[in-house]
Amino acid sequence: MKSIVVFCGSSEGANAVYASNGYQLGETFAKKNIQLVYGGAKIGIMGKVAEATLNNGGKVIGVIPDFLKIKEVFHTGLTQLIVTQNMHERKLKMHDLSDGIIMLPGGFGTLEEFFEMLTWSQLGLHQYPIGILNTNGFYDHLINMMQQMVAEGFVKNDHLNTILVDTNIDNLLDKMEHYQSLPTPKWIKKEQL
């Protein structure tokens with residue numbers, strides 16, 4: 001993987017371990033020569049991942065919709081900042097610039113971005129590895145909910161198993177590097193969406 005999009009909070013959260021782990025992820029990206037694609041802010045966990053990547057000589061592309069440029073206090077020192085018209089264009093651009101997806105702790109926006117990319121994978125629009133860095137058990141309840149979706153017949157177990165989960169950065173990246181995608185479904189074409 002050469003470029004990974006990271007979805008995470010524009011806040012640092014109540015526990016300092018979330019920002020610390022975000023910073024460690026950025027350091028790891030730089031050391032492994034993985035380009036960071038993210039939401040473009042200099043605050044929160046988002047800012048920590050970008051700061052660490054840049055501080056260690058890595059490349060960072062921020063993608064931010066015009067209306068969030070001020071609200072999320074965009075980062076002025078990035079390798080590249082791309083401004084989009086809206087949120088959908090932002091996600092599409094992030095997708096186009098990456099070959100893997102990682103979710104760190106965050107709020108509703110983080111979940112929305114993650115689940116849209118997951119849905120695109122389910123529909124066969126991409127075959128990128130999708131990872132959750134489950135820092136401090138932050139996503140344990142979400143993972144249990146997704147398992148419940150399988151148990152109740154709303155999600156196929158094969159689709160659930162495409163989500164790679166780990167609490168360790170190197171282990172997660174290793175899982176993503178060795179990811180084998182599901183066969184692309186034949187019942188939908190990209191131009192149909």
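Biologist: Which residues is Ala 19 in contact with, leaving aside its neighbours within four places in sequence?
Modeller: In this predicted model, Ala 19 is in contact with Glu 12, Ile 45 and Lys 48, once neighbours within four places in sequence are left aside. Ala 19 itself lies in helix H1.

Biologist: What makes Ala 19 buried or exposed?
Modeller: Its relative accessible area is 7%. Buried means under 20%, so Ala 19, at 7%, goes down as buried.

Biologist: How far is Ala 19 from Asp 96, C-alpha to C-alpha?
Modeller: Their C-alpha atoms are separated by 26 Å, and the two residues sit 77 apart along the chain.

Biologist: Okay, on to the helix pair. How do H1 and H2 pack?
Modeller: H1 and H2 pack at an angle of about 30°, and their axes are 7 Å apart. The crossing of H1 past H2 is right-handed.

Biologist: Which residues of H1 and H2 meet?
Modeller: From H1 you get Tyr 18, Ala 19, Gly 22, Tyr 23, Gly 26, Glu 27, Phe 29 and Ala 30; they meet Ile 45, Lys 48, Val 49, Glu 51, Ala 52, Thr 53 and Asn 55 of H2. Sorted by class, that contact has 8 nonpolar, 4 polar and 3 charged residues.

Biologist: How do you know what span is expected for H2, and what does it reach?
Modeller: H2 covers residues 44–55, which is 12 residues. The expected span is 1.5 Å times one less than the number of residues. For H2 that comes to 16 Å, and the helix reaches 16 Å from its first C-alpha to its last, close to expectation.

Biologist: Which residues of H2 are buried, and what covers them?
Modeller: The buried ones are Gly 44, Ile 45, Met 46, Gly 47, Val 49, Ala 50, Ala 52 and Thr 53. Their cover includes helix H1 (16–31), strand E2 (35–38), strand E3 (60–65) and helix H3 (87–96).

Biologist: Take Ala 50, then. What makes it count as buried?
Modeller: Ala 50 is in helix H2, and its relative accessible area is 0%. With the cut-off for buried at under 20%, 0% qualifies, so Ala 50 is buried. Leaving aside neighbours within four places in sequence, Ala 50 is in contact with Leu 36, Tyr 38, Val 60, His 75 and Leu 78. Ser 10 is 40 residues away from Ala 50 in sequence and 12 Å away in space, C-alpha to C-alpha.

Biologist: What follows H2?
Modeller: Gly 57 does, and its phi is positive, near 85°.

Biologist: Which other residues have a positive phi without being glycine?
Modeller: Asn 33 is one of them, with phi near 60°, and Asn 136 also has phi near 60°. Asn 33 lies in the loop between H1 and E2, while Asn 136 is in the loop between strand E6 (130–133) and helix H5 (140–151).

Biologist: Why are Asn 33 and Asn 136 called exposed?
Modeller: Exposed means over 50%. Asn 33 is at 68% relative accessibility, so it counts as exposed. Asn 136 has 52%, so it is exposed too.

Biologist: How do you know whether Glu 113 is buried or exposed?
Modeller: Glu 113 lies in helix H4 and has a relative accessible area of 8%. Since buried means under 20%, Glu 113 is buried. Not counting residues up to four places away in sequence, Glu 113 touches Phe 7, Arg 90 and Lys 91.

Biologist: And what makes Ser 121 count as buried?
Modeller: Ser 121, also placed in H4, has 15% relative accessibility. That falls under the 20% cut-off, so Ser 121 counts as buried. Its contacts, neighbours within four places in sequence aside, are His 126 and Ile 130.

Terms used:
Residues are numbered from 1 along each chain as its sequence is written. This is a predicted model: local features need pLDDT of at least 70, side-chain atom pairs count only at pLDDT 80 or more; totals for chains, interfaces and linings use all residues. Side-chain values use heavy atoms; hydrogens and water are left out. Helices (H or I, at least four residues) and strands (E, at least two) are DSSP runs, numbered from the N terminus. Buried means under 20% relative accessible area, exposed over 50%, partly exposed in between (1.4 Å probe, protein chains only). Contact means heavy atoms within 4.5 Å. Axes are lines fitted to C-alpha atoms, for helices over the stretch in contact, and angles run from 0 to 180 degrees between N-to-C directions. A crossing is left-handed if the near helix is turned anticlockwise from the far one by less than a right angle, and right-handed if clockwise. Ala, Val, Leu, Ile, Met, Phe, Trp, Tyr, Cys and Pro count as nonpolar, Asp, Glu, Lys and Arg as charged, and the others, Gly among them, as polar.
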